[in-house]
Amino acid sequence: GAGVVLGRFRRRAVVVGITAALAVLILIEYQLFDPFPTGDATQPAYFRELSNQDDVRAVLDVPVHNSLAAKIGLYQQVFHHQPLIGGHALRRTPQDPALLEVLERAAIGGADGLTPLIPLTPEGAAYVLSVVGADRVIVQKQFVPDLDAALRWLEQVAGGPPDYADSALAVYAIPRATEPPPGLVLAERSEGWYPLEQGGAMLSEAAEWYFYTAAEQYGDLSIPVTAYTIPRRIGVWLDDRLLTAFWATPDQDTARIPLWVDPGFHTLRFAALDGCDPYPFTLTCLDGGDGSQDCERRDSPLCISAAFGSPEWIPSESAPVPLDVTLDHGLRLRAYTLDVTADAVTGARTVDLRLFWQGDHALPDDYALFVHLADPATIEPLAQYDGFPLIRTGDWAGESVWVSAVRIVLPDDMFTDVSAGPLAVNVGWFDPVTGARLAVRSDGPWADVGIVPVAVVEPGP
């Protein structure tokens with residue numbers, strides 16, 4: 001019995017020895033033909049000095065999304081002891097992705113092949129970095145595609161050469177900037193965008209843009225959009241809350257996304273509500289490739305829906321007028337904007353109304369919106385609009401900050417005679433099947449008949 005056991009032990013030892021020898025040979029082969037990335041474990045004395053600088057709030061390592069750069073940054077933290085913004089290697093950081101993407105755009109500009117969707121000055125970049133406490137930017141040189149461009153940009157942002165530089169890294173001190181950048185700092189950076197040769201990017205089924213604003217902003221993000229092959233509904237979410245939707249057509253059109261946002265970092269998500277279509281070639285073929293290599297069939301087709309051009313931020317001169325009216329099922333009207341314009345040629349007058357709704361969940365039915373221009377005394381409609389939102393209220397899953405945009409062209413004989421008196425702008429929701437209106441839970445006038453008085457419009461030439 002003892003001899004059998006000893007024999008088995010010897011056989012196992014031989015197997016283990018052969019396995020270990022093979023593993024060593026495999027490692028040697030890898031190191032000869034495709035070596036593992038290695039480096040000197042010693043770090044610059046600069047990091048010891050950095051650890052003693054009490055005025056440094058945090059360090060940002062770039063590029064943000066390179067896992068090897070992240071590992072090196074974590075190792076270097078052992079020496080400089082300063083807090084990291086991000087600081088992840090084998091897990092997803094809990095940090096807001098909008099913050100990381102905008103900071104990377106501010107730190108290296110377009111050195112990774114991407115550029116801010118809305119141009120950013122070096123002074124604006126310094127403000128964005130310093131406002132979150134990124135007092136030092138460490139560039140892990142070997143992982144930046146266009147290193148020279150990144151270093152030139154950072155010298156402008158920092159206002160001078162790096163605090164420290166060697167063959168592997170460069171460290172820049174970011175000044176404490178006090179002048180915020182105007183408008184939005186917008187960075188396109190998420191999976192699901194495919195860059196186009198002629199500029200812009202193709203949306204797959206869903207993808208994000210990230211942006212920062214230093215102050216409360218209201219205005220329109222104007223975006224050229226062209227649908228692939230067929231008209232498509234594009235839904236828009238702001239910070240995971242449903243905001244609006246628009247039709248994209250094969251003929252280029254301009255989508256205007258209303259944004260009313262607080263200071264800080266935000267995420268704008270676009271989704272093709274009816275899905276995307278497979279495209280079996282490279283996108284250069286779609287751009288008008290040479291018909292040979294560009295248009296060779298791909299093994300794995302891309303799934304594309306619409307092309308987005310470069311956006312323009314169009315700020316409004318005034319913020320929405322606040323309201324606080326609650327309707328049934330938790331729907332709330334929180335603000336509005338109202339503009340009356342006249343056509344320069346025909347003189348026809350148009351009323352443009354935006355209604356800012358807030359909801360906690362989907363409504364139990366698909367309600368239609370109505371807008372009445374009515375006699376203030378009798379609420380009899382003299383001109384009106386009614387229709388479903390592009391995303392039905394029964395599909396408003398989760399929180400929403402839906403913006404209803406309504407345009408009413410007035411009849412020729414209306415709104416020109418001052419003696420006709422003012423017109424009330426009344427709104428509400430109704431079920432087209434039953435005709436029942438969504439109840440208004442307030443003690444305001446006409447609440448008992450499901451009407452929310454929004455504003456009064458004075459007539460005039």
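**Note on the predicted model: salt bridges, sheets and surface**

1. The side chains of D324 and R332 form a salt bridge, with 3.2 Å from N to O; the term requires a side-chain nitrogen of Lys or Arg within 4 Å of a carboxyl oxygen of Asp or Glu. D324 is exposed at 58% relative accessible area, whereas R332 is partly exposed at 26%. Buried stands for under 20% relative accessible area, exposed for over 50%, and partly exposed for what lies in between (1.4 Å probe, protein chains only).

2. The model is predicted: local features need pLDDT of at least 70, side-chain atom pairs count only at pLDDT 80 or more, and totals for chains, interfaces and linings use all residues. Residues are numbered from 1 along each chain as its sequence is written, and side-chain values use heavy atoms, with hydrogens and water left out.

3. A search of the whole structure gives 11 salt bridges. One of them joins the side chains of R57 and D135 at 2.8 Å, N to O. R57 sits in the loop between α2 (45-51) and β1, and D135 in strand β2, so this pair ties together parts 78 residues apart in sequence. Helices (H or I, at least four residues) and strands (E, at least two) are DSSP runs, numbered from the N terminus. R57 is partly exposed, with a relative accessible area of 37%; D135 is buried, at 2%.

4. D163 and R136 also meet through their side chains in a salt bridge, at 3.7 Å from N to O. This pair links distant parts of the chain, 27 residues apart: D163 belongs to the loop between α6 and β3, and R136 to strand β2. D163 is partly exposed at 41% relative accessibility, while R136 is buried at 8%.

5. Strand β2 belongs to an open sheet of four strands, ordered β1-β2-β4-β3, with mixed pairing. Two strands pair if DSSP finds at least two bridges between them. The edges are β1 (58-62) and β3 (164-165); each has a single partner strand, so one side of each has no neighbour in the sheet. Strands β2 (residues 134-140) and β4 (residues 169-173) pair in the antiparallel sense over five bridges, and Y172 in β4 is the bridge partner of V137.

6. Helix α3 (residues 67-80) packs on this sheet and touches β1, β2 and β4, its direction making about 125° with that of β2. Contact means heavy atoms within 4.5 Å. Axes are lines fitted to C-alpha atoms, for helices over the stretch in contact, and angles run from 0 to 180 degrees between N-to-C directions.

7. A separate point concerns the five-stranded sheet. This open sheet runs in the order β5-β8-β13-β10-β11 with antiparallel pairing. Its edge strands, β5 (185-188) and β11 (241-248), each pair on one side only. Strand β10 (residues 232-238) pairs with β11 in the antiparallel sense over seven bridges, and V236 stands opposite T244 in β11.

8. Helix α5 (residues 122-131) is mostly covered, with eight of its 10 residues buried. Among the buried residues are P122, Y127 and L129. Just after α5, G133 takes a positive phi of about 90°.

9. What is the relative accessible area of L22? L22 is partly exposed at 48% and is found in helix α1 (residues 2-33).
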